[in-house]
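Let's take a walk through this fold together, one stop at a time.

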Amino acid sequence: MPTPEGTRRSRRLRFALTGHVMRRLPVGVLRSIARRGAEKGGSPPPFADFVAFLEALGPAADRMLANPEEVDLVRQFPELAQVAVRPLRLGPAEVPARVYRHPAPSAGSALVWVHGGAYVSGNLDMHESHWVALSLAARGIPVLALDYRKALHGVRYPVPRDDVLAGWRWAVEHSAEALGVAPDALHLGGGSAGGNLAASVTRRLIEEGAPAPRSLVLAYATVHARVTEWESAALEAVQAATHGACFALDWIEDKNTHYAGLTNTRDPAVFPGEGDPPDGHPPTLFLNCENDTVRPSAERFARQLDEAGVPNETHLLEGEAHGSLDRPTTSGGQEALDRMTEWLVRPRPW
């Protein structure tokens, strides 16, 4: 009888072999496979298997996983057609980034935005990056959208965090000509894993004595290594509402350990919620999804900010599962974008 570890190795090999075949398939076929998988529901595979699959699939992974909701954004939202998109390569690793600007004068603030993807997937084409940046720019808020090297093939913390840090520093240095605002009008934010990267960069800036972002925007982010504050009945309700397609708590922990390494999971430099907020932490907006197993991490971080006297607001997206900003045609995606817009343009004595 095979041991549990032997079974896991066999499963990972099967994922790897499948990936080598699938990476040769056309984009349309890959997306069809992704849609069928989404329709079946169910929780993600064990995180180690997921990583093995992505590593084997290679560049085809982004084609398969990005944007399960296929949308012609400009046709659906004609106002986006006027936004100019400028591709960049930033930092020593020349990581992809994009500047999004509308020809009209800006609203007086700009956003540096980081997509999610469990630290191992996602790119600048996913709706959580491209649609969010296009839409905010169309509303007068220029955006620098950042990519980062993924935690695959041996890449781990601090590489993704440092890529985002390099992007932030570029934005500060080039804010006037690239984004049309002063450096002190730059906000920083991200979705899911990108939210933790943004929070981690913010902590690093404060600790090195650099100016913090004007505010921090955290969309369904996990800023602790573990999520533990679930009562069984509440957790079962989330599982029922998502038909089981939510992240298991051990999956979240495995994802975070994979990114951070075993020795760094309690380090607030990696997961800012693991320590007290530093003096000078910026005001923070939390966008939380009701049916999302990562939500208690954001709620706990909001309490930590309250205790430290840091202004913060939480907006709960009722009935929503993780990743609202990756679903542009839904009411939840629109609601999340509206709350971001209101926060970024609201005048405050900061």
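We start at P46, which counts as partly exposed because its relative accessibility is 42%; here buried means under 20% relative accessible area, exposed over 50%, and partly exposed in between, using a 1.4 Å probe and protein chains only. You'll find P46 in the loop between α2 (27–40) and α3 (47–57). Helices (H or I, at least four residues) and strands (E, at least two) are DSSP runs, numbered from the N terminus. Between P46 and A248 there are 202 residues of sequence separation, yet their C-alpha atoms sit 9.4 Å apart in space.

A quick word on ground rules. This is a predicted model, in which local features need pLDDT of at least 70 and side-chain atom pairs count only at pLDDT 80 or more, while totals for chains, interfaces and linings use all residues. Residues are numbered from 1 along each chain as its sequence is written, and side-chain values use heavy atoms, with hydrogens and water left out.

Now zoom out. The chain has 13 helices and eight strands, and buried residues make up 52% of its 350 residues. Take the contacts (heavy atoms within 4.5 Å) with a separation of 6 or more: 77% of them are between residues 24 or more positions apart.

The axes of α3 and helix α11 (residues 249–260) come within 9 Å and cross at roughly 50°. Axes here are lines fitted to C-alpha atoms, for helices over the stretch in contact, and angles run from 0 to 180 degrees between N-to-C directions. On the α3 side the contact is made by F47, F50 and V51, and on the α11 side by W251, D254, K255 and H258. Sorted by class, that contact has four nonpolar, one polar and two charged residues. For the classes, Ala, Val, Leu, Ile, Met, Phe, Trp, Tyr, Cys and Pro count as nonpolar, Asp, Glu, Lys and Arg as charged, and the others, Gly among them, as polar.

Next stop, helix α6 (residues 130–138). How many of its nine residues are buried? Seven are, so to speak, tucked away, and the helix is mostly covered. The buried ones are W131, V132, A133, L134, S135, L136 and A137. They pack against α5 (73–76), β1 (84–90), β2 (95–101), β3 (110–114), β4 (143–146) and α13 (331–345). Looking at α13 in particular, its axis and that of α6 come within 11 Å and cross at roughly 50°, which means α6 is oblique to α13. From α6, W131, V132, S135 and L136 meet G333, Q334, L337, M340, T341 and L344 in α13. That contact has six nonpolar, four polar and no charged residues. After α6 comes G140, with a positive phi near 95°.

Follow the chain into the loop between β4 and α7, where H153 is placed. H153 isn't a glycine, but its phi is positive, at about 55°. With a relative accessible area of 59%, H153 is exposed. P158 is found in the loop between β4 and α7 too, and the peptide bond from Y157 to P158 is cis, with omega near 10°.

Since 13 of its 15 residues are buried, α9 is largely enclosed by the rest of the structure. Helix α7 (residues 159–173) packs on α9 at an angle of about 65°, with their axes 9 Å apart, so α7 is roughly perpendicular to α9. P160, R161, D162, V164, L165 and W168 in α7 meet L197, S200, V201, R204 and L205 in α9. Those residues divide into seven nonpolar, one polar and three charged. Following α9 is G209, whose phi is positive, near 85°.

Definitions and conventions:
Angles under 35 degrees count as roughly parallel, over 145 as roughly antiparallel, 65 to 115 as roughly perpendicular and the rest as oblique.
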